[in-house]
Amino acid sequence: MTQWTPEVYQLRWAITDDKDQPLTQVTLKPVNRKDHVNALKDKPEDNEALYRLAQLSCGLSISEIKRLNTPDWNSIKDKLIDLVSKGADYFFEKLGEDFDKDHPQLLVPIKGDDDQLINNIDLKIPTVETSELMQAQKTTELKGLFITRACTGLSEAEINRLAMPDWLHIQTRITDFLTETADSFPVETLTP
């Protein structure tokens, strides 16, 4: 399988960065789940949220963002929105790669708690008991973390390291597990 690499966006109109150097391109790296949650924690206005995401993804400062020409910023915004709203399957499909939704390769491999690289996840179907334990959690956030840990075997710290496209794919598949009927899943696909 081809390794995904962050997109490099060539600015149509170069600007001067905060160090008085020419800035001609921006690399758009995926934001991890923890940074994404923190960036949106106090429910910022749309522009402020996008500025925070551009800082995290591209390393741009607010003053650099404001120096960009609007058409370049519009292009960067569209790409940022994709990085925080589309699952990993979308990016692998753009590469023309097959994607196993139940045993997904991570778009951005993470370092495990044991310092080993995690390249893919083997998703597990939750039992009724697991689903009930999830419902017993006090907040939506805790419910999401509980069921994600149960279905992935990842720790909370590892989950927080997931790039947003990987997190989003896993959440979509977990939602399928919790809402779809048995005939929606091929027999050979998964085991509980």
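Asp 115 is exposed, with a relative accessible area of 55%, in this predicted model. Asp 115 lies in the loop that runs between strand 3 (105–111) and strand 4 (117–120), and its phi is positive, at about 70 degrees, although the residue is not a glycine.

Strand 1 and strand 2 form a hairpin with five residues between them, and Asp 20 belongs to its turn. The two strands run antiparallel and are joined by six bridges, with Thr 16 standing opposite Pro 22 of strand 2.

**The chain as a whole**

The secondary structure of the protein chain amounts to nine helices and four strands, and from the N terminus on the elements follow the order β-β-α-α-α-α-α-β-β-α-α-α-α. Taken along the principal axes, the C-alpha atoms fill a box of roughly 60 × 40 × 35 Å. The chain has 192 residues, of which 42% count as buried. Among contacts with a separation of 6 or more, 58% are accounted for by residues 24 or more positions apart.

**Helix 2 and its surroundings**

Helix 2 (residues 46–58) contains 13 residues and reaches 17 Å from its first C-alpha to its last, which is close to the 18 Å expected at 1.5 Å a residue. Its buried residues are Ala 49, Leu 50, Tyr 51, Arg 52, Leu 53, Ala 54, Ser 57 and Cys 58, and these pack against strand 2, helix 1 (33–39), helix 3 (62–67) and helix 4 (70–85). Just after helix 2, Gly 59 takes a positive phi of about 75 degrees.

Not counting residues up to four places away in sequence, His 36 touches Val 31, Leu 53, Val 84 and Met 164. Trp 73, for its part, is in helix 4 and counts as buried at 8% relative accessibility. Leaving aside neighbours within four places in sequence, Trp 73 is in contact with Leu 50, Tyr 51, Ala 54, Ile 65, Leu 68 and Leu 80. Trp 73 and Leu 11 are 62 residues apart in sequence, while their C-alpha atoms are 9.0 Å apart in space.

Two packed helices are described by the angle between their axes and the distance between the axes. The table sets out these values for two pairs.

| Helix pair | Angle between axes | Distance between axes |
|---|---|---|
| Helix 2 and helix 4 | about 80 degrees | 10 Å |
| Helix 7 and helix 9 | roughly 90 degrees | within 11 Å |

Helix 2 and helix 4 are roughly perpendicular to each other, because their angle of about 80 degrees falls in the range of 65 to 115 degrees that defines this class. On the side of helix 2 the contact is made by Leu 50, Tyr 51, Leu 53, Ala 54, Ser 57 and Cys 58, and on the side of helix 4 by Trp 73, Ile 76, Lys 77, Leu 80, Ile 81, Leu 83 and Val 84. By class, the residues of this contact divide into eleven nonpolar, one polar and one charged.

Helix 7 (residues 140–152) and helix 9 (residues 164–179) cross at roughly 90 degrees, and they too are therefore roughly perpendicular to each other. Ile 147, Thr 148, Cys 151 and Thr 152 in helix 7 meet Trp 167, Ile 170, Gln 171, Ile 174, Phe 177 and Leu 178 in helix 9. The contact of helix 7 with helix 9 has seven nonpolar and three polar residues, and no charged residues.

Terms used. Residues numbered from 1 in each chain as written. Predicted model: local features only at pLDDT ≥ 70, side-chain atom pairs only at ≥ 80, totals over all residues. Heavy atoms only, no water. Buried < 20%, exposed > 50% of the residue type's maximum accessible area, 1.4 Å probe, protein only. Axes fitted to C-alpha atoms, helices over the stretch in contact; angles between N-to-C directions. Parallel < 35°, antiparallel > 145°, perpendicular 65-115°, else oblique. Contact = heavy atoms within 4.5 Å. Nonpolar A, V, L, I, M, F, W, Y, C, P; charged D, E, K, R; others polar. Expected span 1.5 Å × (residues − 1). Pairing = 2+ DSSP bridges.
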